[in-house]
Amino acid sequence: MKMRFAAIAVLAAAALVGACDDEDTRTITDVVTVTVRDTIRIGNTTTTFDQIEHLANPLVNEIMVEKREHDHYNNTIPSEMRAQFRDDLVAFITGVAGRDAAYAGTVADALLPDMLVVRMDRAPTVTAANVRDAATVGWLTQVLDATNGYGGRKLDNDDAVDKGLGVIFGNVLGNNNNVSPGLVTDNVPDNQTDLTTFPYVAPPN
Amino acid sequence: MRMSFSARRGAAAVLLAAASVATVAGVRQAVGSDHQDTPEVELSPRLDITDVYAFPGSTADRIVLVMTSQSPITPANTAAARFDANALYQIKIDNTGDAVEDLVIQFQFDDTQSGGQQVGMFGPIAPTTRGMLTRVAKSTPDIVGAMGGTLTTGTGAAQVQLFTGPRNDPFYVDLEQVFRILPDRRPARGPLSLITKSANAFRPANVSNPGPFDATRGNAVDFLMGFNAMAIVVELPESALRSTTGGNNIGVWTTISR
């Protein structure tokens with residue numbers, strides 16, 4: 001990136017110099033075609049990359065954190081997330097959803113630090129061939145079934161929107177105080193198009 | 001901490017906008033469970049992660065990790081869709097319970113003369129640096145080949161499979177109604193930014209007589225039906241992700257850096 005900007009800047013400077021020194025006032029009509037190659041190559045271990053995006057649990061940053069904080073969230077390592085964002089999640093769940101503070105804390109602690117938790121020794125008979133019917137595998141199953149839940153997130157039969165809404169507005173994590181029945185599902189069904197063999201995600205439309 | 005990051009990122013977004021005026025007109029809305037969550041990635045959809053999945057693989061001792069980005073890509077634009085050749089895509093794994101990455105799987109893309117892309121995958125490997133600033137952990141990729149298909153390394157139980165390229169976006173949501181209920185989370189541009197009618201409930205799956213337009217009526221709509229995403233799919237042995245002491249609990253997250 002830096003090399004690209006530098007190259008353009010040099011060209012612009014050259015054009016200016018050319019115009020100023022042009023004693024017979026010709027119009028400069030030459031078109032210079034320059035192919036600027038990116039400087040980053042696969043396996044260049046000297047380039048430092050700066051993180052701009054983070055994603056693990058669906059909908060946490062998008063829905064529960066205020067938009068002005070999204071950049072900050074994307075720039076936070078998971079180990080810092082409880083300290084930095086637990087209050088934001090609690091504020092959303094108490095303020096927007098109207099739940100009590102104790103429940104809001106339970107939800108925030110289930111979602112932060114924002115990683116997809118996988119307990120790899122669980123669900124020992126489940127493979128990609130039968131995962132869509134495995135109730136112990138899927139988003140938040142490690143919380144909902146503390147004994148057998150594998151966690152992770154499935155492509156099919158794992159309605160993250162309805163689960164997320166059910167946690168925030170419903171009784172998915174075991175609290176019936178002040179639930180909002182109109183907000184616990186978006187009424188969009190699973191499209192169930194994904195594959196049982198690699199690469200699992202359905203071909204493009 | 002918060003202020004300095006926000007201010008720095010704000011400045012970066014302005015610079016990005018100024019540097020890419022020619023491409024702004026063609027920007028699409030990126031939508032997923034974390035769609036266009038900041039103006040910066042709204043302007044650069046290739047830098048926008050949209051969903052992350054993790055589930056058991058072809059045998060019980062294998063695991064699949066999926067990272068989708070850039071959704072929604074229309075079918076007409078799918079053949080031309082590419083990953084960002086200046087970005088570093090990463091799947092990060094904590095296997096010691098401290099929410100700091102112990103292993104990373106890194107992906108880089110390079111544009112080829114014929115208009116395609118090469119992908120290089122590094123890891124799982126211990127990162128050279130942890131946190132916000134990262135480098136590629138080694139110079140020789142573990143897998144390298146053409147974007148758009150399946151690549152492998154190793155054989156039998158130790159085999160690692162990699163797919164990179166356009167796939168159907170597996171996410172489904174009535175996003176229009178989400179932004180009626182939470183209008184302050186709307187994107188800054190595109191059709192979803194124009195939603196004004198507010199609502200306090202989701203739409204039913206089926207309405208026999210919706211009557212005059214009302215944001216609370218009409219059928220729920222899967223906003224992502226028929227759209228595509230750029231997917232990175234890795235299947236590998238669970239043993240490649242376990243801690244040195246054999247711990248089975250991992251935390252998985254994905255990042256894009258540039």
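Student: I'm new to this one. What share of the 205 residues of chain A counts as buried?

Tutor: In this predicted model, 42% of chain A's 205 residues count as buried.

Student: And which elements make up chain A?

Tutor: Seven helices and two strands.

Student: How should I read pLDDT in chain A?

Tutor: Start with the general idea: where pLDDT is low, the predicted coordinates should not be read in detail. Here, chain A averages 85, and 80% of its residues score at least 70.

Student: Let's go inside. Which residues touch the most other members of the largest nonpolar core?

Tutor: Leu89(A) and Val252(B) do, in a core of 106 residues. Strand 10 of chain B, residues 228-237, supplies the largest share of this core, seven residues. Back at Leu89(A), if you set aside neighbours within four places in sequence, the contacts are Met64(A), Val107(A), Ala108(A), Leu111(A) and Leu112(A).

Student: You mentioned strand 10 of chain B. How do I read a sheet?

Tutor: Strands of a sheet pair through backbone hydrogen bonds, either parallel or antiparallel. In chain B, an open sheet of five strands runs in the order 1-2-10-9-8, with antiparallel pairing. Strand 1 (49-56) and strand 8 (150-153) of chain B are the edge strands, each pairing on one side only. On average, neighbouring strands of this sheet are turned by 15° against each other, direction ignored.

Student: How many bridges join strand 8 of chain B to strand 9 of chain B?

Tutor: Four, and the two strands run antiparallel, with strand 9 of chain B covering residues 160-168. For one pair to find on screen, look at Thr152(B), whose bridge partner in strand 9 of chain B is Gln161(B).

Student: Last one: what domains does the assignment give chain B?

Tutor: Domain 1 takes in 32-170 + 230-257, and domain 2 is 174-221. Taken over C-alpha atoms, the centres of domain 1 and domain 2 of chain B are 33 Å apart.

Key:
Residues numbered from 1 in each chain as written. Chains lettered and ligands numbered in written order. Predicted model: local features only at pLDDT ≥ 70, side-chain atom pairs only at ≥ 80, totals over all residues. Domains from an automatic or database assignment. Pairing = 2+ DSSP bridges. Axes fitted to C-alpha atoms, helices over the stretch in contact; angles between N-to-C directions. pLDDT = per-residue confidence, 0-100. Core = buried A, V, L, I, M, F, W, Y, C linked by C-beta atoms within 7 Å. Buried ≥ 20, exposed ≤ 12 C-beta atoms within 10 Å, placed from the backbone. Contact = placed C-beta atoms within 7 Å.
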